[in-house]
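Let's take a walk through this fold together. Have a look at the picture first, and then we'll go through the sheet and its helices.

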Amino acid sequence: MQKNTIIIVEDDEITALNLKLSLEKHGYDIIAMYNNAKEAKEKIDAYKPDVIIIDISLQESNDGIELAKTIRQNYPIAFIYLTSYSDDNIIAEAAKTEPYGYIVKPFDPSSLHATIQMAIFKFEMENKRGEEFGSNKIDQKTIDKLLYAKRKSDKPIVTFCNGYHMNISQDEVYYNNEKINLTKKERAIIRLLIAKLGHTISFKQAVDYVWKESGATENSIRTLVWRLRSKLPTDIIKNASGVGYFIEEHSI
């Protein structure tokens, strides 16, 4: 059976060594350890690990969170934070990167294996969700039919998550019955996500549906989603690492 590979990014040498030894006892292959984000970032392509464990505050800065952002945006790799912080602001900033788990220092060796396995499972499920819909046809007619089928009554209203609804005839989104002012492209991407509620929309599907013309890229979609998230009252749009985005069918 092939071992899962892990990179550890931790600036405390003793913590890094103890983590390495504990993980090796559970059969993991620790392929590299770094004490700074810059060096780790330069080696990701060379090693392509299954999991990267990142100290949330490398060298008493936000380098760990910045490294996680880079991984989330550019690499299909699960990452886990290693943290001793209870500061709500730091935790809130880290949570925005949507890590696959947390290990709290001083860590409990007996819980490490479960944390790693849950991270790998979550990552694999995200990718599976993306593969299931990566080749599905996305066009205006298909999306309109999907939205129409999601109505709860004969009214043109589709409810989703907790407190949200879309008036599909007006192409407007509401939260607690208050309209959210969105641009044309922001309305298009959320319309697509609602139509495919519970399933991942790939970057290519999003580009083809929202832009239709050539010139848009994955970064165009990332920027659009970033703007849309900033306008939504709650965090309902989830990342499928390296694949695209989705809204959970039963978000609360």
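**The sheet and its helices**

Start with the open sheet: 5 strands in the order E2-E1-E3-E4-E5, with parallel pairing. Strands E2 (29-34) and E5 (102-104) sit at the edges with a single partner strand each, so one side of each has no neighbour in the sheet. Direction ignored, neighbouring strands are turned by 20° against each other on average. Helices (H or I, at least four residues) and strands (E, at least two) are DSSP runs, numbered from the N terminus, and two strands pair if DSSP finds at least two bridges between them.

This is a predicted model, where local features need pLDDT of at least 70 and side-chain atom pairs count only at pLDDT 80 or more, while totals for chains, interfaces and linings use all residues. Residues are numbered from 1 along each chain as its sequence is written, and side-chain values use heavy atoms, leaving out hydrogens and water.

Now zoom in on E1 (residues 5-9) and E3 (residues 51-55), which pair in the parallel sense over 4 bridges. Here Val9 stands opposite Ile54 in E3. Helix H2 (residues 37-47) lies across E1, E2 and E3, at about 150° to E2 (angles run from 0 to 180 degrees between N-to-C directions, with axes fitted to C-alpha atoms, for helices over the stretch in contact).

Further along, in H7 (residues 184-195) and H8 (residues 203-210), Lys185, Ala188, Ile189, Arg191 and Leu192 of H7 meet Gln205, Ala206, Tyr209 and Val210 of H8 (contact means heavy atoms within 4.5 Å).
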